[in-house]
Structures are given as structure tokens and as C-alpha cells.
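Visitor: Could you help me learn to read a protein structure, one feature at a time?

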Amino acid sequence: LKIAIPGGAFGAGDIGPLTQAFQDFMRGKLPFQPDTRSRFQLCHVERLCDGLIRVLERGQPGRNYLLTGQDYSMPELFALLADLRGASAPKKMPLDRLRPLARGMDLLSHLGLRGPLSVETLRVLDGSTYTYTARRAETELGWNAGDVRADLLDWLKTF
């Protein structure tokens, strides 16, 4: 048994809530961002796929491999977007003020309407830090997350 544990993936075809929030901001339709200190490790989906193949082909049975890239906070991600858009980052809104809106968006999701906010999203943004090392994948498999910032900026420019 070999276990691959990817970090946060981004890239073409991503339809998740974070991507939706990014797209809304780039269109001038996101007035706020959640105020959080949570940090997440991101990696382009193509590099993650390369890592998964390497785990299958070269990974050692009984081992797990973290496929994680550079870590970012929400304010850092929105600062990158704001820089690309030539606008200010959306103002920060405390999570407790967003909970009623998140519950409402969850109810609308049952009708097939998707929003960039949910109760689950707020749980992830609770201030926790989700950062790990990909050292084993790098040394044993020759995997590399690449230049996450450059990949992220290239992807963000597609919005």
C-alpha cells in the first residue's frame, strides 16, 4: 500500500469554492474576504498528477508521500489577485459575521445554486494551519512542487 497525500490543488477546470471566490473578485463581485490566519499549501494540478504517477511507479510500499507546495494565507492569495487586477484586496470580514450567510448559501446549494461560501469553508478557515513537508516525495521520488507562485500567477491570469 502506497499513500499519496496532496495539498491544495489549483489549475484549469477547478470549480471549487476558492476558485469561485477568486473569479468573483476578478469580476468585481466579491466585496469581502474571510478574515483568517489559516495557511494552506498549494500546488498546480499538473505537478500533483506527476507526483501521483511517481508514487505509483517509484513509491515504497507502506510509505506515505505528501505532495505539497508553497503555503499561502487567504490575505496573501487575495493580495496576489488584487495586484493582478490593479485593485485593492477585498476588505476582511470576521468569520462569525459570515456564518449566517454561509448557512444561507448551503440552503441554496440544495437548489443547485453554488456560492463561494459554505459552513464547511468556514470550518477550514478557522485559523488552523495546514502545512506539511514534501521532503520524502522530493528525496525518494525526485518530485518537485515547482515554482508555485509562478504557476499560481499564470493560473490567476486566466480569470
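Predicted model: local features only at pLDDT ≥ 70, side-chain atom pairs only at ≥ 80, totals over all residues.

Visitor: Which residues touch the most other members of the largest nonpolar core?

Guide: A nonpolar core is a set of buried Ala, Val, Leu, Ile, Met, Phe, Trp, Tyr and Cys residues joined through side-chain atoms within 4.5 Å, where buried means under 20% relative accessible area, exposed over 50% and partly exposed in between, using a 1.4 Å probe and protein chains only. Here the largest core has 38 residues, and F78, W143 and L152 touch the most other members. Among the elements that each supply at least two residues are α1 (17-26), α3 (74-85) and α7 (148-156), and α3 gives the most, with 6 residues. Helices (H or I, at least four residues) and strands (E, at least two) are DSSP runs, numbered from the N terminus.

Visitor: What is L152 in contact with, beyond its neighbours within four places in sequence?

Guide: Contact means heavy atoms within 4.5 Å, and by that rule L152 reaches F10, L42, Y72, L77 and L80.

Visitor: How do α3 and α7 lie relative to each other?

Guide: Axes are lines fitted to C-alpha atoms, for helices over the stretch in contact, and angles run from 0 to 180 degrees between N-to-C directions. Angles under 35 degrees count as roughly parallel, over 145 as roughly antiparallel, 65 to 115 as roughly perpendicular and the rest as oblique. The axes of α3 and α7 come within 11 Å and cross at roughly 50 degrees, so the two helices are oblique to each other. Where they meet, L77, L80, L81 and L84 in α3 face R149, L152, L153 and L156 in α7.

Visitor: How many residues of α1 are buried?

Guide: In α1, 7 of the 10 residues are buried, and the helix is mostly covered; what covers those buried residues includes α3 and α7. After α1 comes G28, whose phi is positive, near 75 degrees.

Visitor: Is R54 buried or exposed?

Guide: R54, found in helix α2, is buried, with a relative accessible area of 18%. A polar atom of the R54 side chain lies 2.8 Å from the backbone oxygen of L141.

Key: Residues numbered from 1 in each chain as written. Heavy atoms only, no water. Polar contact = N/O pair within 3.5 Å; in protein donor to acceptor, adjacent residues only side chain to side chain.
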